[in-house]
Amino acid sequence: MPVRSHPLHRQWLARRRRLRRWLRPLPRRANVARYPIIKWFAAAARRRPYLWSFKRAQVMPSLYVGAVLAMMPVYGLQVAIGLALAMLVRGNLTVMIALQMITNPLTLGPIYLATHALGQWLIGLTGYGVGVGELGTRVNALVLGGLVGGLLLALVLDLGWRLLAWEARRFKAQLRALHLLHAPQDPEPPAEP
């Protein structure tokens, strides 16, 4: 059976198509000039290869910083702040911006209510953030809840990333073994007389 018709090869092609479909609406080096805020910094972003790298050293800072930023009460400024933070921590811009899409007009209310409740509970538990007045305590609860909620989200995303990376390495090894199995064998060199 040729490699191209093997089920493992077809599965690899399907995974590649699915990943491209997921990444299509997100900023990439080729389409960064299309995004409202990022386009002002497109030339600078193209010159920084770490913004586009999906290596662990660039993805992990983006996961943690991006998850915390997504839960903070800065809706509307997230993309601009995400771009600056991606450059600051030398992280992946695509992952950073994708995480900012968690907080959108449909999820804004439930996320901020949950982070506020978490912050209120933490302030009641520790006493940290009390005494600034009622409005100040509410704002502190929203920020503290966003920080802790973002870190918890980042831990879950980190575990998911590690699981996906392990599975991808295993799948890639299987695919490599399949290609080696079907690679044309070199004939033995003729014996010297």
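Select helix α1 (residues 7–23) and helix α7 (residues 134–182), which pack at an angle of about 135 degrees with their axes 10 Å apart. Helices here are DSSP runs of H or I with at least four residues, numbered from the N terminus. Axes are lines fitted to C-alpha atoms over the stretch in contact, and angles run from 0 to 180 degrees between N-to-C directions. The model is predicted: local features need pLDDT of at least 70, side-chain atom pairs count only at pLDDT 80 or more, and totals for chains, interfaces and linings use all residues. Residues are numbered from 1 along each chain as its sequence is written, and side-chain values use heavy atoms, with hydrogens and water left out.

The angle makes α1 and α7 oblique to each other. Under 35 degrees counts as roughly parallel, over 145 as roughly antiparallel, 65 to 115 as roughly perpendicular, and the rest as oblique.

Now show the side chains between α1 and α7. Leu-8, His-9, Gln-11, Trp-12 and Arg-15 in α1 meet Glu-167, Phe-171, Gln-174, Leu-175, Leu-178 and His-179 in α7; contact means heavy atoms within 4.5 Å. This contact has five nonpolar, four polar and two charged residues. Ala, Val, Leu, Ile, Met, Phe, Trp, Tyr, Cys and Pro count as nonpolar, Asp, Glu, Lys and Arg as charged, and the others, Gly among them, as polar.

Zoom in on Arg-15: its charged end sits over the ring of Phe-171, 4.0 Å from the ring centre. The rule is NZ of Lys or CZ of Arg within 6 Å of the ring centre and within 35 degrees of the ring normal.

Next, select α6 (residues 108–126) and keep α7 in view: their axes come within 6 Å and cross at roughly 105 degrees. That makes α6 roughly perpendicular to α7. The contact of α6 with α7 divides into eight nonpolar, nine polar and one charged residue. Among the residues that meet are Tyr-112, His-116 and Gly-119 in α6, and Arg-138, Gly-145 and Gly-149 in α7.

Move to α3 (residues 56–71) and α5 (residues 93–100), where the axes come within 8 Å and cross at roughly 25 degrees. That makes α3 roughly parallel to α5. Their contact has nine nonpolar, three polar and no charged residues. Val-59, Leu-63 and Gly-66 are among those on α3, and Val-95, Met-96, Leu-99 and Gln-100 lie on α5.

Finally, select Arg-90, in the loop between α4 (78–89) and α5. Arg-90 has a positive phi of about 55 degrees although it is not a glycine.

Methods:
Helices (H or I, at least four residues) and strands (E, at least two) are DSSP runs, numbered from the N terminus.
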